[in-house]
Structure formats: C-alpha cells, structure tokens
Amino acid sequence: MTLPDTALPASVSAGRAFPMGATFDGDGVNFAVFSAHAQAMDLCLFSQDGKREITRLRFGDRDGDIWHMRVSGLTPGTIYGLRAHGPYQPEVGHRFNPNKLLLDPYAKQLHGALRWSDALMGYRVGSPRADLSFDTRDSAFAAPKSVVVDPAFSWGTDQRPDTALTDSILYEAHVKSMTAQHDQVDPALRGSYLGLASDPVLDHLTKLGVTAIELLPVHAFLDDRFLIEKGLRNHWGYQSIGFFAPEPRYMTQNAVWEFQSMVKRFHSAGIEVILDVVYNHTGEGDETGPTLGLRGLDNTSYYRLADGGRRYVNDTGTGNTLNLTHPMVLRMVMDSLRYWVEVMHVDGFRFDLATVLAREDHGYDPRGGFLDAIRQDPVLSRAKLIAEPWDIGPGGYQLGAWPNPFLEWNDKFRDGVRRFWRGDALMTSELSKRLLGSAEQFDHGHRAATSSVNFVTAHDGFTLTDLVSYSAKANLANGENNRDGKDENFSDNMGAEGVTDDAAILAARSLRKRNILATLMLSQGTPMLLAGDEIGHSQGGNNNAYAQDNPVTWLDWAAVDAPFLAFVQKLIALRRAHPVLRQRRFLHSRPRKADGKPDLIWLRADGTPPEDGDWHTPDWTTLGVKIRTASDAAISMQSDDVAILYFNAGPGITITLPDLDDLPVVLELDTTRPEAGPETIAGKHLFCPAQSILMLTQKPYAGA
C-alpha cells in the first residue's frame, strides 16, 4: 500500500548512502540523494493523487555528499519529491530554492505531467534582476513528482537475441508514431509501449527482417513551454528530466512493467531493443528555465557553467550541458545505463550528441572518463553502443574518432549516397568509400567494418519519400517561419515539388528510392532503416518534425506502398543470404590467404579496373565492384562466394563482366525490375539500365 492521505510514516532512521534514489526493502524505503553544496535536504511525501503534501521530513544524515534516510511503512506507489536548502547565488552558480519541489534524479517513475507556470522558476519572471532574483512560490502544484517503484518483473525465460553486428538490421522508430494510426492494433494500446510490441507490429518487423529496434527517447521528458504555447508538443523527446523513468505518456496503466513487457515481447521475436538516450543535457534549459531537479539539487556539480557560474555551457544547443567530468554525475549516468540493461533488459544505446559525454576540460578525449568507464564496465561493454559522433561545441565533429566497441552514425554515408543518386558531379569516388564501410574513417585501432552505422534517412531530416519529392524543406507547421531544420538536404523532387499525379515523375521517384535503399543494404557496415520508409511514409516535406505529434509523423498503415515494402523485404533477405555483403573485416584489394585472389576489384563498364584519372572524371557514373571475403579474415572464414555490383547513376550502358573464374553468374537484383527473380546470365556482356543497380553473384558448382 502507498502512504494513506492522512498518515505519517511509522518511523524515520538514518538509512544508508547506497543505493542511490528510493529503494523499497520490504517494509520501508531508503532514500539517498547527492548534493555537495546543499546545507539541508527535505523529503516531501504526497497524497495518493499527488496533489497534497502530507509531510516533510528533514534528512538527518550525510555520508560525504550523499544525504540519506530510511522511512519505514512506505511502499511502492508512494509519491514524493525533494527540496534542497542552500545559497541562492546565481552569479557563482548556486541556485538553491527550497520553494521548488525537485525530482529525485534516480526516480524510477514519475507522477503527473509538468504544468507550465512561472512558479516553476527559481527566480521571479519579469523582475529587473532577471535570474538573479528569488521566487518564493511553491512549485509543487505544477511540478512532476517521483514515485517509489519496485521494478521486479517476471522475465521467465527471456533471452537477449545478442545478434552479431554483421547480421544486424537497425530500425529507428518512435513509440507513438509506429501505432497511433495502426488499424490492426487495439485502439486502447495505440501509441503505447504495449502497442509497439503487439502482434501486428512484431509481424511486420519480423517479415521485414529487422533485428533491432532503435527507439527515440523514452526517458521521461517534458514538453517545452514555447511549444505548448503554440499548441505543439515535444514529440521526439530530446528533453529528458528523468534518466531512470520510462516516459509516462506511452503507458496505458501507468506502470513500469509495461515497458518491461514490451522488451520481453521484442526479445521473443528475436528483436533487440536499443534506446536513444540523452545524457548530454536536461530539459531545465538555460538560466531562464525551470528548476525541476538537478538545477535545484546542486547546479554547480551537475552542469558545466560559464561566466563565473551564472551562465551554462551550451555545447548541445538546448541551453545547458551536463558535467560528466564530475564523478557523481558520471556515476548517475553509469547507474542509469546499467539499470536499463540489468533491470529493463534493453540491449544497447544510441548516445545523442555523444561528443558532449566524452568532453574533458581540454575537449573531446577518446580516453576520457565516460569512455573509460563504459569500456571497462562488465555489463555495459557487452551492450551495443552507438555514438552520434558530434555536438555543436568546439571540435565537436568526431566521426571515426570513437574507440572500440562503439559504432557511429555515419553522416558521410548519408550525404554521399544522396548526392551520388542525385547526379552530383565527382561523386563516384565518394560512393566507393561509403560502399566499403568508410574505411578512411573507421579502419584503425582494430575496429570492425560494422563500426559504421550506415543510414540515408533518420528521424532528423527528410523521410525517404520526401527525399525524392521535395527540393526544399516545408517546416511552416513548426511555427518558426521555416527557419528550423537543415536547408541543404541533397534532395531532389524529380520534376515537381511535393505531391504529384504525374506518372513519369512517380516512377522516377520509386526507382530513386529503390536505388538508395539498395545502396544501403549492399554496403559494408551496419545498416539502419527509418521506420516508415519501407511503406512510403511522408511528412509533407517537414525535415524537422520534432514537435509534430500528429499524422505528420504517425505512420499511415492504411496507405502502405505494398510493392515497395516487398522490395525492401527482398533487399534485406539478399543481404542476409550473402555474408560477403556484411563482413566484419575491411576490404583493401589485397590477395587472400586462401587462394591469392584479391578481396576487392573496382570495375569500369568495360570490365577493367579504373585508372587514377577515372576517379576524378565528372562523367564517370557507372561504378562496378567485385567482392570476396576479406583478405585478413581467417582462412576458415573465407569462401568462394562472390558478389559483383554495379551502381549506375547515368544513362543505360552495356557492361563487360570481369574475369568470372569459370563460375556461373546469377543476376540477383535489378532495381529497374524490382519483382524479377534470380536469372542465370550467359556470356560476358550485360545491359545496365539507366539509374539502376545490378547485383550478380557467383558460387562454385555443386560438388566442385
């Protein structure tokens, strides 16, 4: 039972400084909170509806900088908050204000949505002294609150799929957008964790061939005030206020087990769950933002500050930057990551603006505290770890600079593939790099070719359909006069801006989409598909739909492009069937140990290798490549399987096949004929249609 509305807890004792947060021990709850600069700390207990503060208890014990107490008689479901007493000196960084109810940084569940009010601010809004002023209003009526949770869950025989990176197909998705309009999902579950793991979704993903779903942020987050005032919401979720708590808006029964059940069902379907996590900043914003948690608990410890402490370092573009050089902030992040792996059973993480996390006082450091901590951790080092390898701070772009075992989102792949198929000059050389896992970026420090997360679309930008339908962004719905979002997308409307009924333009767009996704699935590296691309989802040209919690971002399952879906399924099946397309080792045109044959041969249309000058020829638009297993792969891992690929961004051309070693040749893929099955090729010559990709394979004769 939770604490009755009129009851006081049975007794209060010193408790322990570990574990952090609120921990139910069977007949009470232990509370432990970090603050190095607070002078006193209060625990506030609330009524079952969270509307009334029942009692306030002063923490009486402190071990170092951890305040702690144990309250007997409390149970899971108890709603609570914190108040921290200390100096209010914003000019040097201290922003203590006990009038502001604070979230426990380790809260496993939140109660109530934030209600925007000036009372949430530590200062008096409108005061001539701005954030140097002090506000005395109680913020409890408007602030979200923490909930005591017992996260025990019956996992049964749950097993992590532990899919090899060479076999992985990542699928970036939003919890709500996937099912908000799915007519085969129970209406009561649409837009929820349980709806996401419902049978219709699992059936779609397994037929598609997805091995991991990468979810946009599910840590508890807030809706920005400026969005609410415009009638919008923070749909993507990159404004975290709770690093341990699942976002409540995706729950149907306000219970943590809903998230755990979702993970268990994904695992039963052989699909891993990867979380997009935001440890680089919080939703408290800059010095004009609300006091909800970390700012009020110990501003100078939790955040990186500037101008003597009054301002915030803003390497994130969101107003503040977490200070992971502080050992207790680093501990909080590490504890959060372990919680999601050990208690919630997730399989990995994609770190938003990851360069922030690896910054030391001198800048990005691949041997910095966060990276050292995570790489040595026996739990986390086995999880799938993906970096978004940049931030907006000095020296923030760090593609290729991350240590093993990190993978990295590769924006060079995205831009290079887009530009090649758009017909930009001198992009054949660029494409050749991207096809091979971007070795110039990643082939160092014994990293694998799978280190490159290849993608052409993601949540941040155009969908695939919009990429071939719009030459300019159309973001007016975001309320920023189309100023937001990237201006350069390397997109092409193929002859008409946006929606059209011109059959020729529609056919050209469909072909371009097939070529782009075929390039993705035929490249070395770890491919990532944006949810909805496989069914033709459009956002109407909005390339920054972060605030569009509506049909702009919700997938329309009643308008599925069935032929294109079948083609994407075919592509993934081809990749799965041919390990030569998804190797762990980089390819460098070196002779193999097993037979002396090169693992890679670049080809011109005439069947000969290109000369140095060809790579700088603007009109060279037909690139061929013959691939075998890598030269430095173990002999036992080398095979006679061969893939011959042609990428033609120009007019149709007759190609001459290279030396075929007296092996049969099968045409597995022609993007101009998406429904065609495998065809045996006779002779050395083959027509490569305009704007197409051909994939041919060779295997030894049976018994050879």
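In the hairpin of β4 and β5, six residues lie between the strands, and G50 adopts a positive phi near 75°. The model is predicted.

Strand β4 spans residues 40–46. The strand is mostly covered, with seven of its seven residues buried. Side chains in a regular strand alternate between the two faces of the sheet. In β4, A40, D42, C44 and F46 point one way. M41, L43 and L45 point the other way. Residues on both sides are buried.

Two strands pair with β4. Strand β8, residues 79–85, runs antiparallel to β4 and is joined to it by seven bridges. Strand β5, residues 53–58, is also antiparallel to β4, and five bridges join these two strands. D42 takes part in both pairings: its bridge partner in β8 is R83, and in β5 it stands opposite R58. D42 itself is among the buried residues of β4.

The cysteines were examined next. A search of the whole structure for disulfides returned zero.

Taken together, β4 is a buried strand with antiparallel partners in β8 and β5.

Notes: Residues are numbered from 1 along each chain as its sequence is written. This is a predicted model: local features need pLDDT of at least 70, side-chain atom pairs count only at pLDDT 80 or more; totals for chains, interfaces and linings use all residues. Side-chain values use heavy atoms; hydrogens and water are left out. Buried means under 20% relative accessible area, exposed over 50%, partly exposed in between (1.4 Å probe, protein chains only). Helices (H or I, at least four residues) and strands (E, at least two) are DSSP runs, numbered from the N terminus. Two strands pair if DSSP finds at least two bridges between them. A disulfide is a pair of cysteine sulfur atoms within 2.5 Å.
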